[in-house]
Amino acid sequence: MSYYYDAFRQCFFLPAPTFTEKELPDQTGRVLIVTGGYAGVGKELCKMLYQKNGTVYLAGRSEDKAKAAISEIKQSITSSDGRLEFLKVDLADLPSIKGSVQEFMRREQRLDVLTNNAGVMAPPVGTKSAQNYEVQMGTNCLGPFLLTKLLTPLLEKTASTSAPGSVRVTWAASLATAAAPKGGVQFDASGGPRVHNDRFADYAQTKASNCLLASEYQSRYGGKGRIVSNSWNPGNLMSELQRHQQGFEAWFTKLLCYPPHFGGYTELFAGWSEEAGKPEHRGKYVGPWGRFVMLRSDIEANKEGAKKFWEWCEQETKPYA
C-alpha cells in the first residue's frame with residue numbers, strides 16, 4: 001500500500017520544488033541535449049539551462065518548431081551568454097539517428113547531460129514506427145536507447161575530465177508505470193516486448209521499460225563515478241503528449257494536469273541537482289517536482305528483466321549503430 005500512497009502523492013498535495021533555475025549553477029562551457037526540447041516540458045528545461053549560459057541542443061524532428069522555440073526563449077531571456085541550437089533527431093526512424101549523432105560530434109567536443117525527454121503517448125492502436133515497431137516502443141525506448149548508446153563514448157570522455165556525478169543521462173518515465181505489466185515489461189514468445197494492442201497499456205510498458213534502461217545503464221556505465229543515470233516521472237502535465245486524446249479523456253487529463261514549467265523542475269533536479277549526483281542517490285527514481293519517490297518494487301527489483309530488455313534493444317538497433 002505504501003507504493004500506491006506514494007503514487008497518489010505524486011499527483012496531489014505536491015511539495016514545492018527545491019531545485020529551480022535559482023539554484024542551478026552557471027552552465028558556461030557545458031553542452032546539453034534535450035530531446036523534444038522545443039515543446040512542453042522540454043522547452044521549459046531548455047529555457048532554464050539557457051538562462052544559466054548553457055549550450056543547449058533542442059533535439060527533434062521539426063526545425064521550424066525548434067526555430068520558433070529558440071526565438072521565443074531568446075526573447076524571454078535577453079542576458080544569457082549561452083547558445084541554443086537545433087539538432088535534427090527522429091527517434092521513430094532508427095537509421096537516421098547515427099547521422100544525427102555524427103552531426104552533433106562534428107559540432108561539439110563534449111556532452112555533459114543528455115535528457116531523454118521526447119516521447120509519444122497513446123496514439124491510435126496499430127500505429128507503427130518507420131521500422132514497423134509499435135510506435136511507442138520505437139519512439140520512447142528504441143530511439144532513445146540508440147541515441148544514448150551512440151553518444152556514450154562522448155559522455156565518457158566528458159566524464160573523465162569532469163567532477164564526479166556531473167555527467168548524466170536521464171530517461172522519461174511516468175506515473176503510468178503503475179499500470180505496467182509485472183516487472184515493467186512482458187516478453188512474447190520471440191523474446192521481444194509484447195504488443196498489447198491497447199494504447200495505454202503499451203504506453204505504460206514503454207515508461208516502465210525506460211526505468212529498466214536507466215537502471216541497466218547505471219550498472220554498465222556508472223562505475224567509478226563516471227556517468228549518473230536515472231529515470232523520472234515529470235508529473236501530470238499539459239503538453240503535446242496529449243495530442244491524441246479526445247472527449248472525456250482530454251477533459252479529465254486537463255483537470256489533473258499542471259503547467260509544463262513544473263515538469264521542467266523534475267528534469268532539472270534529475271540532471272543537475274547535487275542530490276541526484278550523490279553516490280547513494282544515483283539511479284534513484286525522481287518524481288515531481290524534484291525529489292526521490294517510489295518506483296513499483298517489482299520494476300525496481302527486476303534486474304534480470306532490465307538486462308534482457310537492454311539486450312533486446314541492443315539486438316534491434318545493432319544494424320543502425
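Please keep in mind that the model is a predicted one. A search of the whole structure finds 16 salt bridges, and the structure also holds 13 aromatic pairs.

**Salt bridges**

- Arg107 and Glu85 meet through their side chains in a salt bridge, at 3.2 Å from N to O.
- Because Arg107 lies in helix H4 and Glu85 in strand S3, this pair ties together parts that are 22 residues apart in sequence.
- Arg107 counts as partly exposed, at 29% relative accessibility.
- Both residues belong to a network of salt bridges that links Arg83, Glu85, Glu103, Arg106, Arg107 and Glu108.
- In another salt bridge, Glu63 joins Lys67, with the closest N and O atoms 3.6 Å apart.
- Glu63 and Lys67 are 4 residues apart in helix H3, which means about one helical turn separates them.
- Glu63 is partly exposed at 42% relative accessibility, whereas Lys67 is exposed at 51%.
- Lys307 and Glu311 also meet in a salt bridge, at 2.7 Å from N to O.
- Lys307 and Glu311 are 4 residues apart in helix H11, so they too are separated by about one helical turn.
- Lys307 is partly exposed, with a relative accessible area of 42%, and Glu311 is partly exposed as well, at 36%.

**Aromatic rings**

- Tyr258 and Trp289 form an edge-to-face aromatic pair, with 5.1 Å from centre to centre and 75° between the planes.
- Tyr258 sits in the loop between helices H7 and H8, and Trp289 in the loop between strands S7 and S8, so the pair ties together parts that are 31 residues apart in sequence.
- Tyr258 is partly exposed at 26% relative accessible area, while Trp289 is buried at 5%.
- Phe269 and Phe292 form an edge-to-face pair too, with centres 5.4 Å apart and 70° between the planes.
- Since Phe269 lies in helix H8 and Phe292 in strand S8, their pairing ties together parts that are 23 residues apart in sequence.
- Phe269 is buried, at 6% relative accessibility, and Phe292 is partly exposed, at 28%.
- Phe145, Trp171, Tyr217, Tyr221 and Trp310 come together in one aromatic cluster.

**Charges over rings**

- Lys308 lies over the face of Phe187, at 4.3 Å from the ring centre.

**A loop residue to look up**

- Asp81 is found in the loop between helix H3 (63–76) and strand S3 (83–88).
- Asp81 is exposed, with a relative accessible area of 69%.
- From C-alpha to C-alpha, Asp81 and Gly54 are 7.7 Å apart in space, although 27 residues apart in sequence.

Technical notes
Residues are numbered from 1 along each chain as its sequence is written. This is a predicted model: local features need pLDDT of at least 70, side-chain atom pairs count only at pLDDT 80 or more; totals for chains, interfaces and linings use all residues. Side-chain values use heavy atoms; hydrogens and water are left out. Helices (H or I, at least four residues) and strands (E, at least two) are DSSP runs, numbered from the N terminus. Buried means under 20% relative accessible area, exposed over 50%, partly exposed in between (1.4 Å probe, protein chains only). A salt bridge is a side-chain nitrogen of Lys or Arg within 4 Å of a carboxyl oxygen of Asp or Glu. Rings of Phe, Tyr and Trp (its six-membered ring) pair if their centres lie within 6.5 Å; planes under 30 degrees apart count as stacked, over 60 as edge-to-face and the rest as tilted. A charge sits over a ring if NZ of Lys or CZ of Arg is within 6 Å of the ring centre and within 35 degrees of the ring normal.
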